[in-house]
Amino acid sequence: MQDSLEELRKRKDQAYAAGSPRAVERQHGKGKMLARERIEYLLDPDSFQELDLLARHRAHAAGLEERPYTDGVITGWGTIEGRNVFVFSQDFTVFGGALGEVFAEKIHKLMDMALRVGAPVIGLNDGAGARIQEGVVSLASYGGIFYRNVLASGVVPQISVVLGPCAGGAVYSPAMTDFIFMVREKSHMFITGPDVVRTVTGEDVTLEELGGAMSHASKSGVATFVAPDEKSCLEDVRFLLGFLPQNNMEPAPTVETTDSPDRLCESLREILPASPNQPYDMKKVIREVLDDGEFFEYFPHWARSIVCGFGRLDGQSVGVVGNQPMVLAGVLDIESAEKAARFVRTCDAFNIPLITLVDVPGFLPGVDQEYGGIIRHGAKLLYAYCEATVPRIQVITRKAYGGAYVVMDSKSIGSDLSYAWPTAELAVMGPQGAVEIVYRRELQQAADPTARRAELVAEYTERYANPYAAAERGYIDDVIDPADTRTKLIAGLAMLKTKREELPRRKHGNMPL
């Protein structure tokens, strides 16, 4: 027995040693943590239980003479704040983190187990893509991961953390997960690298410009969250999980809070500017309403005319969507509709109630928007809200014009409760534009068109651009004092806790992708 234990210790010591000392030194020299160091930092202390530590590749014919244990990826489970999570961490010091058959089999096993027990999957990505020496086997192995990403989608939270290179086909696994974290100047994602781009298209672009964290956070809409360094990135992953359930069968988490549910938001009475054409920061409204002003923003650098993110109301996790008047007056465009649609579907998949704050003047006009498919992309947000069965509450703070009002979770598309501030303006379009269309001939014939236009705008505003006509018809459940917004939302969510809604039986809907 002693000899057997000695052999076991020897093999495990070799497995824990990771790559060569030179590879380890190079990894640390780039300011990057090792695969095991990342897991230890992410999980609760001493909670990691490793799987397949002694796995080794079988591809001798492929010219791989070395057979290191782990085969370049560390897999297992542990806890974050006492809740189970499954983790795989690619080891760049072993074969450059390149994926081969055994490497992929370990991830397949991990994902299958996470799906069976209903716990989140976190992938720490730092690898060079497919292992060339294993040929088509490595490509087929990627397919197995992609397939499992789809099976797990909407069942357990899937989080991708890109901490180094992620190129070629390897990018499609993170792309199908719920959230992607990246680190400034350390993380890179792209289908083809700068050299190939330069050869094929003649475009001269740097690695950072092409696939860096901020490029994907602000331009492509690929990176959900960006952090300045690895440790803060992993801390953000822990923070995000606090808002998410373990799986789609559990309710959104609730925590103890010292922020009173009866707290009034008196500053909201003064937050709107005197002129309806002046902007204000919707994030201030959101933070004032949420517990302790805590708001974890989703895609903060992309599609900034809409704000999405997670917070809590009386300790309960909620998802918040709000138009941002500070950017393009809060219009809906291609990117903002897509961002919000993705967020709404994520919240609905994981039983997180939705709060929608509305100040929207309409859809962004323009040839680029029309040719880019604003009709199709705007329909994504409409579809997402119509399909959502979680508790949904709408609050209209100011402008709610045209089809954009309908799309922003209006009563007519299934919002459970709809409130409006006294400053709300619900109309087909703004008073100025409406007068120009409806009274065009009268204005052309008026002795003083400017004076008559002003009179008609005032009349239209008084008659239509207020919440009371909508309240009379039941499209608004109540017109509320802005200071009561928090208490109204908390009371509404408490009532909606037992909401049950079933969609028609079908294989799946045909969303306008």
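**Exercise 1.** In what order do the seven strands of the open sheet lie, and what is the sense of their pairing?

*Solution.* The model is a predicted one. Begin with the order, which reads E1-E2-E3-E4-E5-E7-E9. The pairing along this open sheet is mixed. Next, locate the edges: strand E1 (49-51) and strand E9 (225-227) each pair on one side only.

**Exercise 2.** Describe the surroundings of strand E7 (residues 179-183).

*Solution.* Start with strand E5 (residues 158-162), which pairs with E7 in the parallel sense over four bridges. Within this pairing, Ile 159 has Phe 179 as its bridge partner, and Val 161 has Phe 181. Five of the five residues of E7 are buried, that is, under 20% relative accessible area.

**Exercise 3.** Characterise the packing of helix H16 (residues 431-438) against helix H18 (residues 449-463).

*Solution.* First, take the geometry: the angle is about 115 degrees and the axes are 9 Å apart. The crossing is right-handed. Second, list the residues in contact. H16 contributes Pro 431, Gln 432, Ala 434, Val 435 and Glu 436, which meet Arg 453, Leu 456, Val 457, Tyr 460 and Thr 461 of H18. Third, sort this contact by class, which gives six nonpolar, two polar and two charged residues.

Definitions and conventions. Residues numbered from 1 in each chain as written. Predicted model: local features only at pLDDT ≥ 70, side-chain atom pairs only at ≥ 80, totals over all residues. Heavy atoms only, no water. Axes fitted to C-alpha atoms, helices over the stretch in contact; angles between N-to-C directions. Helix = DSSP H or I, 4+ residues; strand = E, 2+ residues; numbered from the N terminus. Left-handed = near helix turned anticlockwise from the far one by under 90°. Contact = heavy atoms within 4.5 Å. Nonpolar A, V, L, I, M, F, W, Y, C, P; charged D, E, K, R; others polar. Pairing = 2+ DSSP bridges. Buried < 20%, exposed > 50% of the residue type's maximum accessible area, 1.4 Å probe, protein only.
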